Number of protein chains: 2
Amino acid sequence: MVRLQDVAELAGVSPATVSRVVNAPATVHPDTRARVQEAIRALGYRPSRVARRLRVERGSSALIGLVIPDLQNPFFADLARGVEDHAQREGYTVLIGNADEDAEKEARYLEVMRAESVDGVILPPSHPASPAALELAAAGTPLVCVDRRLAKAKVDTVVVDNVRGAYEATEHLLALGHRRIAFIEGRPQASTSRERLQGWQDALREHGIDPLPALQRTGDSRQPSGGALAAELLALPERPTALLVGNSLMTLGALETIHRLGLRIPGDISIVGYDDMPWAMALTPPLTVVRQPGYDLGRQAVELLLHRIRDPARSTTTVMLQPELVVRQSTASPAL
Amino acid sequence: MVRLQDVAELAGVSPATVSRVVNAPATVHPDTRARVQEAIRALGYRPSRVARRLRVERGSSALIGLVIPDLQNPFFADLARGVEDHAQREGYTVLIGNADEDAEKEARYLEVMRAESVDGVILPPSHPASPAALELAAAGTPLVCVDRRLAKAKVDTVVVDNVRGAYEATEHLLALGHRRIAFIEGRPQASTSRERLQGWQDALREHGIDPLPALQRTGDSRQPSGGALAAELLALPERPTALLVGNSLMTLGALETIHRLGLRIPGDISIVGYDDMPWAMALTPPLTVVRQPGYDLGRQAVELLLHRIRDPARSTTTVMLQPELVVRQSTASPAL
DNA sequence: TTGTACGCGTTATCAC
DNA sequence: GTGATAACGCGTACAA
């Protein structure tokens with residue numbers, strides 16, 4: 001390993017000067033600088049970010065932590081990509097963890113983030129009261145919650161207007177003439193799930209329809225649960241004529257069930273999915289969805305985090321992005 | 001921040017003893033140990049992994065680097081998940097970078113990995129001769145290539161038998177009676193693309209069919225290119241009766257084109273995709289695909305890497321996993 | 001403008 | 001079994 005010291009010796013200067021050439025080139029004489037830079041190239045010197053971080057006060061490790069609930073969920077993959085792209089553009093590297101929707105794993109990763117002295121952390125908390133997240137924030141590590149909220153904590157937050165997303169989807173179905181509209185909810189611990197549930201209920205009530213508990217099912221945000229819950233709903237004596245599914249993986253499960261039962265979309269049943277995934281257009285019929293700006297969510301989270309890192313005293317902000325109902329062909333008026 | 005020193009003072013012992021309690025508890029007297037542990041809890045002490053890494057010889061940073069070509073490609077998301085899961089289980093954290101199929105970004109991330117003193121790196125190289133990867137390996141950093149190969153380098157490698165995957169898919173189509181089978185290739189820089197091309201050619205030739213250049217198109221592994229190339233192929237005077245697409249995103253693009261042209265699957269055209277994604281079964285008709293064990297690929301890569309870290313002198317190994325043709329309903333005999 | 005000297009938090013070595 | 005001490009690679013007062 002080539003050290004600062006080695007460069008200094010080759011260039012015939014002190015280690016301090018080499019450090020300056022690396023960190024504040026303007027403060028060193030052009031001739032010296034050139035000599036040092038030459039030595040750096042000759043030796044292939046790479047500064048150790050580890051040693052640097054140990055010495056320098058917080059806020060310059062050029063590392064940010066990202067704890068993702070599920071990397072295989074395409075929505076979070078988009079979000080991670082947004083974080084990654086923007087962070088990289090700003091000179092930061094991302095230390096990523098996969099929490100697997102598990103509060104314990106989440107806690108473990110947040111520990112690692114602290115132990116690695118990251119400059120800040122971006123996190124969709126597994127739970128609105130995630131103790132690990134609260135503790136991290138209390139310890140003074142800059143934290144941005146993204147997609148999901150942390151209740152009772154003053155933290156920067158980037159979310160999507162979930163109530164509105166579900167509301168508009170439901171209203172779209174109501175406008176088509178549906179009355180029995182079922183809702184499949186994701187993991188209830190995630191703040192997003194409850195908000196979407198709220199949107200569904202609000203829309204129904206405003207149209208004088210009671211959101212029947214029988215038409216509301218709660219899953220775990222994964223594919224199999226979407227399939228199983230859709231099967232339950234479609235076996236109801238009074239079958240719903242439309243389905244709103246609160247996440248993309250569960251939507252896939254529901255679609256499988258619908259196909260398995262030989263039902264036609266939208267003839268027998270209309271369906272609105274959550275998250276506009278690349279495959280939504282390739283389906284037959286193309287899927288009507290609530291599109292969420294996953295990539296932008298990640299991008300904005302990085303922005304908020306960097307602001308916070310640069311100005312810790314800054315007042316906390318919440319950014320709310322808008323979802324968009326994309327009407328395709330999986331929704332139509334119900335058969336009479 | 002609570003330091004080792006603080007704990008030592010509270011417990012009335014030397015820093016060295018605290019370090020022992022943390023790293024080799026057996027070597028310290030039970031009473032002392034208890035007192036120290038109590039102090040650790042009382043103060044909420046967390047060892048700094050940064051300081052530890054500075055002091056300790058390579059191989060114990062508990063960090064491994066993973067540079068992914070595209071996090072939004074579900075295949076790589078699976079792979080990343082496999083890496084992440086297994087690494088975590090072994091006590092390692094993953095530092096992840098998104099190279100965006102760009103050799104320069106790849107190089108930048110590999111630099112960061114070195115600067116962070118990771119114990120090793122897992123990488124699907126952007127190119128079989130990626131200079132950054134070769135340099136990293138030459139510098140002695142444990143490296144495992146996954147999914148894609150690095151030519152002319154003695155590195156541990158985990159790949160899928162791509163020749164065979166494409167061969168079997170093509171053979172399946174031949175067995176159904178197809179003769180004009182087109183192939184849409186992914187980024188030609190990736191070793192996987194060339195291997196799949198090879199498999200397609202081999203199968204055709206063995207059945208006495210010339211792999212016409214007109215039926216072979218080269219894309220960039222992204223969705224739009226799949227759509228555009230499918231459009232070219234389907235506009236041919238002698239239209240192919242079957243399509244083999246070398247990656248999942250391009251498959252989606254091709255499906256869109258097929259739908260847009262109003263062609264029926266498999267009546268007008270059969271299609272085999274690469275990668276068995278969650279949505280493959282939700283399509284109408286469900287998609288015949290070559291399934292790749294993305295998760296296992298990641299898992300095995302970690303295993304190889306850890307072996308290498310623990311025994312640097314070990315001879316290099318290559319693990320080849322087998323793909324699996326999953327026949328669903330997007331392939332059938334061609335119309336006469 | 002440049003060099004000297006110290007410290008960041010930890011672990012390894014050597015005494016005791 | 002435990003403590004003092006040096007060292008890991010770098011940044012930064014402070015002095016020159």
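Guide: In this predicted model, chain A holds an open sheet of 6 strands in the order β7-β6-β8-β9-β10-β12, and the pairing within it is mixed. The edges are taken by β7 (216-218) and β12 (324-326) of chain A, each of which has a single partner strand, so that one side of each is left without a neighbour in the sheet. From one strand to its neighbour the turn is 15 degrees on average, when direction is ignored.

Within the sheet, strand β9 (residues 270-274) of chain A pairs in the parallel sense with strand β10 (residues 288-291) of chain A, the two being joined over 3 bridges; A:Y274 has A:V290 in β10(A) as its bridge partner. Helix α9 (residues 191-206) of chain A packs on the sheet, where it touches β6 (181-185) and β8 (242-245) of chain A, and the direction of this helix makes about 170 degrees with that of β6(A). Helix α11(A) packs on the sheet as well, touching β6, β8 and β9 of chain A, with a direction that makes about 155 degrees with that of β9(A).

Chain B has a corresponding part to set beside this one. There, too, 6 strands form an open sheet in the order β7-β6-β8-β9-β10-β12, with mixed pairing, and the edges are β7 (216-218) and β12 (324-326) of chain B, each with a single partner strand. Strand β6 (residues 181-185) of chain B pairs with β7(B) in the parallel sense over 3 bridges, and B:E185 stands opposite B:T218 in β7(B). Helix α9 (residues 191-206) of chain B touches β6 and β8 (242-245) of chain B as it packs on the sheet, its direction making about 170 degrees with that of β6(B), while helix α10 (residues 223-234) of chain B packs on the sheet against β6, β7 and β8 of chain B, at about 155 degrees to the direction of β6(B).

From the sheet of chain A, helix α11 leads on to the partner chain. The contact between the chains takes 40 residues from chain A and 40 residues from chain B, and α11 (248-260) of chain A is one of the elements that supply at least two residues each to the side of chain A that touches chain B, alongside α4 (49-55), α5 (74-89), β2 (93-98) and α6 (103-115) of chain A. By class, that side of chain A is made up of 21 nonpolar, 9 polar and 10 charged residues.

Another of those elements, β2(A), is joined by 3 bridges to strand β2 (residues 93-98) of chain B, and these two strands run antiparallel. The bridge partner of A:L95 in β2(B) is B:L95. Chain A is superposed on chain B, with an RMSD of 0.1 Å, by a rotation of 180 degrees with 0.1 Å of shift along its axis, which is therefore the relation of a two-fold axis. Of the residues of chain A, A:L95 comes closest to the rotation axis, with its C-alpha at 2.3 Å, and the same surface serves both copies, since 100% of the contact residues of chain A recur in chain B.

Note on methods:
Residues numbered from 1 in each chain as written. Chains lettered and ligands numbered in written order. Predicted model: local features only at pLDDT ≥ 70, side-chain atom pairs only at ≥ 80, totals over all residues. Contact = placed C-beta atoms within 7 Å. Helix = DSSP H or I, 4+ residues; strand = E, 2+ residues; numbered from the N terminus. Nonpolar A, V, L, I, M, F, W, Y, C, P; charged D, E, K, R; others polar. Pairing = 2+ DSSP bridges. Least-squares fit on C-alpha atoms with pLDDT ≥ 70 in both. Axes fitted to C-alpha atoms, helices over the stretch in contact; angles between N-to-C directions.
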